[in-house]
Amino acid sequence: MTIKDQVKKIGKEISPALVEIRRYIHQNPELSFQEFETTQYLRSHLQKIDVTVLDNYAETGVVGLLTGNRSGPVVALRGDIDALPLKEKTGLPFSSVKDGVMHACGHDSHATVIIGAAMILSKLRDRLPGTVKFILQPGEEKNPGGASIMVKNSVLKNPAVDVIFGLHSDPRFRVGEIGYKDGQMMAEPDEFRITIKGKGGHASTPHLTVDPVVIAAEVVMALQKIPSRLMAPYDQVVVTVSKIAGGSTTNVIPDSVKLLGTVRTFDHELAKKIAHFMRQIIRGICSAYGAEFDFEFIYGYPVVVNDKSATQFLVQIAGEYLGENNCYELERPSFGGEDFAFYLQRVKGSFFRLGTGNPEKGITAYWHNSEYTIDEDALAVGAGLMAYLAYQYLAGQKK
Ligand code: NI
């Protein structure tokens, strides 16, 4: 039997176990950097299949190491494990038992896929020409990103990783399909916080106040001119004010208003320029009306840049495993962010999208939505593809 057929056969056999694992994680979600129970649960699964557990790269998260009986290079497969502060509304029988915490970005499925790949490869250990590192990282959703912590603590070393692959669930693709992209794939997601500090008073005497509500409104509108008037037409930039908070009632002008938001770019230098323009605009408007301000710009994850050769390899292997017609090149990069970027700064690799959508079953909701879920048939597909990818990489590169 070929390796591909063997991987597919094992994938099919473990599919019910993967569904069970995903449902357990889904039902018991934990927020970024608080994934203590999830870590325990994943660790126990790695131990069950006799994968060496390494767990001192971050407070939560766990890494598994599977060394084949033949020496060779090291492939890393990465999954993230954290959930989001969101109230689940899927109505699934295994919905979150934690009010206001939900796996709304599919990280439950990513963790499961990586465990599944470990289960498959552990059964092929005798034939495995090298080492596979299974990185189950915490805190993808929260700065500074679990990946940055694990990388800082040498997760890519000892043994040194030669190539890394990661995936993200994607409702735009069906089960059995993937989306890939060479080069820039996801944006640098920066955050900002602004406080406009005016002078409050009675709402009937605006002339005796410095009204931060009106000033904030002007700031929001002016910031929209950064992409349209201060950036070149070919620059790809998003400036979004996502929260505005101030005031309490109809007849009081408040002392201050807070604004929060995000900036997305594909170029760190451009992000620095935008931060500069923002400060200039805020300062100008505030000074015109006599208000003070605080402005904080927090740089986020780097741009996700996929390696050309690793992506070509992914496309070739995924084509063999899923069929060439099921591998779609993404037309444009996404303005979402991903801390997988930190691994790609150190080693070559490729991040791709795994089809988890199914319109017939009503599985169409996008990420970070209270109705987000996946078609569970994707779990065995993802696990099999990851396992096959790792195996073939090792086989092709064996020393
Ligand atoms: Ni995500």
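The protein chain of this predicted model is divided into domain 1, made of residues 3–186 and 303–396, and domain 2, residues 188–298. Taken over C-alpha atoms, the centres of domain 1 and domain 2 are 38 Å apart. Where the two domains are in contact, domain 1 contributes 9 residues and domain 2 contributes 11.

The largest nonpolar core has 66 residues, and the members that touch the most others are Leu77, Leu121, Phe134, Leu136, Phe165, Ile178 and Met386. Helix H10, residues 377–397, gives the most to this core, with 13 residues.

Two packed helices are described by the angle and the distance between their axes. For helix H1 (residues 3–27) and helix H3 (residues 107–123), the axes come within 9 Å and cross at roughly 145°. The crossing of H1 past H3 is right-handed. From H1 the contact includes Val7, Ile10, Ile14, Leu18 and Ile21, and from H3 it includes Ala111, Ile115, Met119 and Ile120. By class, the residues of this contact are 11 nonpolar, 5 polar and 4 charged.

Next come the loops. Val155 is in the loop between helix H4 (146–152) and strand E5 (163–174). Val155 counts as buried because its relative accessible area is 0%, and the limit for buried is under 20%. Not counting residues up to four places away in sequence, Val155 touches Tyr57, Val63, Lys133, Ile135, Met150, Val161 and Tyr343. The loop between H4 and E5 also holds Pro159, and the peptide bond from Asn158 to Pro159 is cis, with omega near 0°. Another cis bond runs from Asn143 to Pro144, with omega near 5°; Pro144 is in the loop between strand E4 (131–137) and H4.

Two residues other than glycine have positive phi values. Phe33, in the loop between H1 and helix H2 (36–48), has a phi of about 70°. Asp50, in the loop between H2 and strand E1 (52–54), has a phi near 65°. Phe33 is partly exposed, with a relative accessible area of 24%, whereas Asp50 is exposed, at 58%.

Note on methods
Residues numbered from 1 in each chain as written. Predicted model: local features only at pLDDT ≥ 70, side-chain atom pairs only at ≥ 80, totals over all residues. Heavy atoms only, no water. Core = buried A, V, L, I, M, F, W, Y, C linked by side-chain atoms within 4.5 Å. Buried < 20%, exposed > 50% of the residue type's maximum accessible area, 1.4 Å probe, protein only. Helix = DSSP H or I, 4+ residues; strand = E, 2+ residues; numbered from the N terminus. Axes fitted to C-alpha atoms, helices over the stretch in contact; angles between N-to-C directions. Left-handed = near helix turned anticlockwise from the far one by under 90°. Contact = heavy atoms within 4.5 Å. Nonpolar A, V, L, I, M, F, W, Y, C, P; charged D, E, K, R; others polar. Domains from an automatic or database assignment.
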